[in-house]
Amino acid sequence: MQQPPIEPQLIPTTLILDFHDSYTRNVLSLFSQVGALSPAAEAFSTRWEQDGWEDRVVVVNVDSMTWDEFTTEVLPSVSCVILGPGPGSPHHKSDFSWPARLIQEFGDVLPILGICLGHQGLATAFGGSVVKAPTPRHGRISHVEHEGDALFNNIPNLFDVIQYNSLEVAKDSLPAELEVIGWATMQGDHRSVMGLRHRSRPLWGVQFHPESIASTYGVQLLSNFLNLAHSHRIKCPRSIDPTLPLPPHVLALTTCYKRGFRNLIPDVPSFAPTLHSPTWRWEQRSLALGDGGGRCPQDVFEGLVRDKSGMGEVWLDSARATAESQFSHLFNPQLTWSFTRPTNNLVVHSSPTQPPTSFPINAPHTFVSVLARTQGVLRRRTRIVDPSLPSVPIGFVGSINYEMKDVTLGSPVTTDDEPERRDSEFAFASSVLSFEHDTGSWRATALVRVESPGAENEAEREESASGSRFGLEEAEWKSWTSSVLAFFSSSPSTTARPPTSKLNLSLNTTMLPDLDEPAYIDAIDRARALITLGESYELCLTTMFRTTISSNLAASPYPLYLSLRTSNPARYSAYFHLPLSSFSILSSSPERFMKIDKEGNADMQPIKGTVRRSDDPIEDARRKHVLENDEKERAENLMIVDLSRNDLLGFCEVASVEVPKLITVETIQTVHQLVTSITGKLSPALSPFEAVGRAFPPGSMTGAPKVRACKLLEDLEGGRKRGVYSGELSSLKWWLHRKRVIEHSAFIGVFGFVAVDGTTDFSVVIRTLAVQGDQLTLGAGGAITHLSVPLSEWEEMLVKKDAVASEL
């Protein structure tokens with residue numbers, strides 16, 4: 001007899017608890033796919049209707065509410081709970097707090113699925129024990145076996161999963177009411193518990209991570225749990241309707257961006273002024289310049305930009321061919337914005353001859369929210385004269401230093417006895433010269449102020465609040481384009497440049513690391529011990545190399561940059577020189593942090609796994625092959641891939657987050673490296689600056705889970721800020737009345753731009769020199785896992801350092 005069609009069910013209201021992990025939001029990707037499963041013929045299966053599911057499923061940080069708040073304000077609205085993964089042990093109340101009580105007091109009526117830490121917490125809630133696993137399994141594939149429990153319905157009895165754990169449930173400690181339903185054979189004949197269920201209550205747990213991009217059957221497992229929850233609800237109904245949306249006060253607890261909830265940054269309107277709107281305050285104009293007489297970017301930079309303004313000079317230099325269209329952009333800043341801490345001041349320089357102005361940024365606002373608000377005003381009130389042209393970085397260009405993690409991650413507030421330091425530097429580009437490498441053509445683009453009374457209120461309020469005036473006046477636009485046209489119409493210089501190798505860089509000292517070899521290896525050993533204890537999955541250890549340079553080179557490190565771009569050309573090569581801050585970035589970074597186009601499509605490309613190239617083609621090919629198949633290197637990369645997916649899911653449309661390229665080898669001039677691409681579509685109305693802030697710092701700089709890793713690294717790296725140096729910035733003589741030395745955090749986290757039209761492109765600042773005063777610094781490091789060999793990690797770190805420093 002033909003079975004009647006299965007009536008689709010709405011996905012039930014579900015609370016996903018996040019234990020400060022960096023993978024929990026990936027469970028949302030499973031929810032976005034359960035509706036696409038084809039239900040089996042068994043009456044057990046349910047077909048899921050996904051309409052409106054995002055209003056019935058929410059990820060909430062466990063520390064965002066107390067037990068009493070949960071039971072009174074949240075529990076009455078949810079029909080099932082997923083206890084997510086996390087670092088630490090369920091035996092520690094600081095790692096697994098009131099959810100143990102949830103299992104004990106409501107586990108008979110509320111279906112619960114535990115993942116990793118949640119699975120272990122299920123065991124300890126009934127008297128079981130969690131112990132060290134025979135070997136940590138972070139980012140590694142395991143083969144799970146089962147004998148057909150309903151949680152594994154329609155899943156082969158042997159399937160591949162990814163684990164992120166160094167602790168496991170001790171099978172011999174389990175009480176009679178808990179049954180092992182899945183296992184994996186590890187070293188020898190040791191069988192690790194991979195799945196649990198309670199014999200009489202609706203409680204299940206899995207040790208592995210079904211939400212990992214490399215796990216199989218994760219969507220099916222989630223669907224099976226929802227089936228089990230649905231069946232339990234029929235047998236033991238509660239006085240809630242699981243198909244109703246979660247109430248706003250519960251949705252407001254989300255760790256994801258939701259329009260209208262807990263957002264300091266005004267939402268970008270879903271509409272824009274019409275083409276002939278009276279509310280424009282600026283126009284973005286462009287002028288085609290042809291081939292510029294065959295001039296290359298270096299010719300134009302030296303002829304039109306270098307030493308032409310006391311505000312500084314910037315060259316965003318695409319120095320290595322890629323599969324994407326290449327552009328180089330050159331400009332002198334119109335003004336600069338610096339963010340200083342712990343005073344939380346915005347410092348604005350608008351003239352090389354006048355003192356800066358300083359504005360406090362008061363909580364709950366941050367430097368990121370101020371940047372986002374300003375960029376939003378510029379975007380709303382700027383008419384792009386020709387939107388068909390490629391985007392140009394008219395807007396904010398600069399760096400967010402690693403120590404800004406204290407702001408973006410909500411780390412402990414700094415104290416007044418800390419020295420004042422600059423944690424971010426941005427230059428505003430109001431006029432840019434751009435070179436398209438594919439066509440050999442030049443273009444001049446500028447932001448020009450226009451008279452538009454309807455837009456003045458909002459625009460002028462924003463300019464007044466920040467002491468900034470954005471864009472060129474009409475006369476300035478005409479003067480600038482005239483000088484550019486005159487330069488391009490003149491005959492190119494025939495004077496030959498001296499070879500870069502002949503430049504006298506006055507580098508007379510060796511770059512010395514903060515952590516020498518014994519100290520670095522000791523830090524690796526301690527990191528591995530912490531990983532074994534379950535405190536982290538991966539820790540990205542870094543040390544700073546430092547030296548002193550001559551006053552001439554410090555004042556203008558451009559020759560040093562030319563040497564760097566010759567010896568180590570990279571996709572994100574850049575020269576960023578701000579003399580008023582005595583600060584320069586000389587980048588040869590190959591790694592993308594985040595790129596966002598003006599339609600809101602985001603792309604992250606973390607690099608993890610690096611090996612030095614060989615001059616011998618056969619040996620070079622062998623090294624590439626070994627890297628591509630190295631389990632430890634692939635595990636490193638996978639951990640950051642899953643972390644980056646989790647980051648994007650914090651502000652992207654869930655179904656849009658994908659991994660189009662997973663762990664592939666990319667070859668550049670000096671090294672082979674493993675690269676992955678993760679993409680997503682920004683939620684409507686989200687500011688690109690907010691997206692960058694929500695994902696900062698990059699996981700490839702921290703490890704996973706991100707928050708726990710940052711805390712552990714502070715101790716492992718000697719408690720020293722990544723690259724803060726002490727020394728007076730003598731060019732800022734008007735600051736002396738503050739009676740404080742203004743420092744820079746030399747370990748820059750990311751560098752890039754957010755344009756007026758929303759186009760965004762930031763690199764992870766690796767293989768990059770920073771100049772502060774007469775100090776030259778270079779950060780280098782690597783990801784530490786349980787599989788790390790300390791001496792090999794030290795040598796890999798030196799490979800990365802030498803890729804930059806060996807030719808200088």
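User: Where in the chain is Pro-705 placed?

Analyst: Pro-705 belongs to the loop between strand S34 (703-704) and helix H19 (706-716), where helices (H or I, at least four residues) and strands (E, at least two) are DSSP runs numbered from the N terminus. The model is a predicted one, in which local features need pLDDT of at least 70 and side-chain atom pairs count only at pLDDT 80 or more, while totals for chains, interfaces and linings use all residues. Residues are numbered from 1 along each chain as its sequence is written, and side-chain values use heavy atoms, with hydrogens and water left out.

User: What is the omega of the peptide bond from Ala-704 to Pro-705?

Analyst: Omega is near -10° there, and the bond is cis. Another cis peptide bond joins Arg-341 and Pro-342, with omega of about 15°, and Pro-342 sits in the loop between strand S17 (335-341) and strand S18 (345-349). Such bonds deserve a note because most peptide bonds are trans.

User: Why does Ser-582 count as buried?

Analyst: The relative accessible area of Ser-582 is 19%, and buried means under 20%, exposed over 50% and partly exposed in between (1.4 Å probe, protein chains only), so Ser-582 is buried. Its phi is near 50°, a positive value in a residue other than glycine.

User: What makes the pair of Phe-396 and Phe-428 edge-to-face?

Analyst: Rings of Phe, Tyr and Trp (its six-membered ring) pair if their centres lie within 6.5 Å, and planes under 30 degrees apart count as stacked, over 60 as edge-to-face and the rest as tilted. Here the centres are 5.2 Å apart and the planes stand at 75°, so the pair is edge-to-face. Phe-396 lies in strand S21 (residues 395-401) and Phe-428 in strand S22 (residues 421-429), so the pair ties together parts that are 32 residues apart in sequence. Both of these residues, Phe-396 and Phe-428, are buried.

User: How do you know that the charged end of Arg-295 sits over the ring of Phe-487?

Analyst: A charge sits over a ring if NZ of Lys or CZ of Arg is within 6 Å of the ring centre and within 35 degrees of the ring normal. The charged end of Arg-295 is 4.6 Å from the centre of the Phe-487 ring and is counted as sitting over that ring. The charged end of Lys-801 likewise sits over the ring of Phe-545, 5.2 Å from its centre.

User: Why are strands S4 (57-61) and S9 (158-163) said to stand at the edges of the sheet?

Analyst: The open sheet has 9 strands in the order S4-S2-S5-S6-S13-S12-S11-S8-S9, with mixed pairing, and two strands pair if DSSP finds at least two bridges between them. S4 and S9 each have a single partner strand, so one side of each is left without a neighbour in the sheet. Within that order, 7 bridges join strand S11 (residues 178-185) to strand S12 (residues 191-198), and these two run antiparallel.
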